[in-house]
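Here is a briefing on one protein chain.

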Amino acid sequence: QAQLEESGGGSVQAGGSLRLSCAASKFPFSTYNMGWFRQAPGKEREGVASISDGGDITDYADSTEGRFTISRDDAENTLYLQMTDLKLEDTAMYYCARGPQYPLTPTQRLRADFYNKWGQGTQVTVSS
């Protein structure tokens, strides 16, 4: 059964950086769109960034563009999220998710309902 396991979360001061990793296994990782989502307490899950199979198309939430970078290493079956200039409002549980094997439209790429496999999440806490 397909598995996703996130790591790299932690506590950081505002303005700091973290890199999240997501190790994928038991499915052909390189053929799937992938994404990062986050959910803060009392809020809905929101799309943070997405990347197409092959890595040539990336999308970001307005709140993260310019600060976060999504990437993938298909040889290592790993998805990454480099986060810089972290803000208090970035505090959330971050989830790695597997999307479909077909191309997503721009309006679909950050929608959770187009992703059907999720990791357990890794907590990111930003303090002042």
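Two strands pair if DSSP finds at least two bridges between them. In E10, for example, Lys 117 is the bridge partner of Arg 98. The model is predicted. It holds 1 disulfide, 7 salt bridges and 5 aromatic pairs.

**Strand E9 and its partners**

- 6 of the 7 residues of E9 are buried, so the rest of the structure largely encloses this strand.
- E9 pairs with strand E4 (residues 34–39) in the antiparallel sense, over 6 bridges. Within that pairing, Trp 36 stands opposite Cys 96 of E9.
- Strand E11 (residues 122–127) also pairs with E9, antiparallel, over 3 bridges. Here Ala 92 faces Val 124 in E11 as its opposite residue.
- Strand E10 (residues 117–118) is antiparallel to E9 too, with 2 bridges between them.

- Strands of a sheet pair through backbone hydrogen bonds, either parallel or antiparallel.
- In this model, 4 strands make an open sheet in the order E1-E3-E8-E7, with antiparallel pairing. Strand E1 (3–7) and strand E7 (68–73) are the edge strands, each pairing on one side only.
- Direction ignored, neighbouring strands of this sheet are turned by 15° against each other on average.
- E1 and E3 run antiparallel and are joined by 5 bridges. Gln 3 stands opposite Ser 25 in E3.

**The disulfide**

- Which cysteines form the disulfide? Cys 22 and Cys 96 do, with their sulfur atoms 2.1 Å apart.
- Cys 22 lies in strand E3 (residues 18–25) and Cys 96 in strand E9 (residues 92–98), so the pair ties together parts that are 74 residues apart in sequence.
- The torsion about the S-S bond of Cys 22 and Cys 96 is about -70°, so the disulfide is left-handed.
- Are Cys 22 and Cys 96 buried or exposed? Both are buried.

**Leu 81 and its contacts**

- Leu 81 sits in strand E8. Its relative accessibility is 0%, so Leu 81 counts as buried.
- Leaving aside neighbours within four places in sequence, Leu 81 is in contact with Leu 18, Arg 19, Leu 20, Trp 36, Val 48, Ala 49, Phe 68, Thr 69, Ile 70 and Tyr 94.
- Val 48 and Leu 81 are 33 residues apart in sequence. Their C-alpha to C-alpha separation is 9.4 Å.

- Side chains of opposite charge can pair when their charged atoms come close.
- Asp 90 forms a salt bridge with Arg 67, and the closest N and O atoms are 2.7 Å apart. This pair links distant parts of the chain: Asp 90 is in the loop between strand E8 (78–83) and E9, and Arg 67 is in the loop between strand E6 (58–60) and E7, 23 residues apart.
- Both partners fall under the 20% cut-off for buried. Asp 90 has 0% relative accessibility, so Asp 90 counts as buried. Arg 67 has 10%, so Arg 67 counts as buried.
- Arg 38 and Glu 46 meet through their side chains in a salt bridge of 2.6 Å, N to O. Arg 38 counts as buried at 4% relative accessibility, whereas Glu 46 is partly exposed with a relative accessible area of 33%.
- Arg 111 and Asp 113 also meet in a side-chain salt bridge (2.6 Å, N to O). Arg 111 is partly exposed at 39% relative accessibility, and Asp 113 is exposed with a relative accessible area of 54%.

**Aromatic rings**

- A pair of aromatic rings is described by the distance of the centres and the angle of the planes.
- Phe 27 counts as buried at 11% relative accessibility. Tyr 32 is buried as well, with a relative accessible area of 12%.
- Phe 37, Tyr 95, Tyr 115 and Trp 118 form one aromatic cluster.

Notes. Residues are numbered from 1 along each chain as its sequence is written. This is a predicted model: local features need pLDDT of at least 70, side-chain atom pairs count only at pLDDT 80 or more; totals for chains, interfaces and linings use all residues. Side-chain values use heavy atoms; hydrogens and water are left out. A disulfide is a pair of cysteine sulfur atoms within 2.5 Å. Buried means under 20% relative accessible area, exposed over 50%, partly exposed in between (1.4 Å probe, protein chains only). Axes are lines fitted to C-alpha atoms, for helices over the stretch in contact, and angles run from 0 to 180 degrees between N-to-C directions. A salt bridge is a side-chain nitrogen of Lys or Arg within 4 Å of a carboxyl oxygen of Asp or Glu. Contact means heavy atoms within 4.5 Å. Rings of Phe, Tyr and Trp (its six-membered ring) pair if their centres lie within 6.5 Å; planes under 30 degrees apart count as stacked, over 60 as edge-to-face and the rest as tilted.
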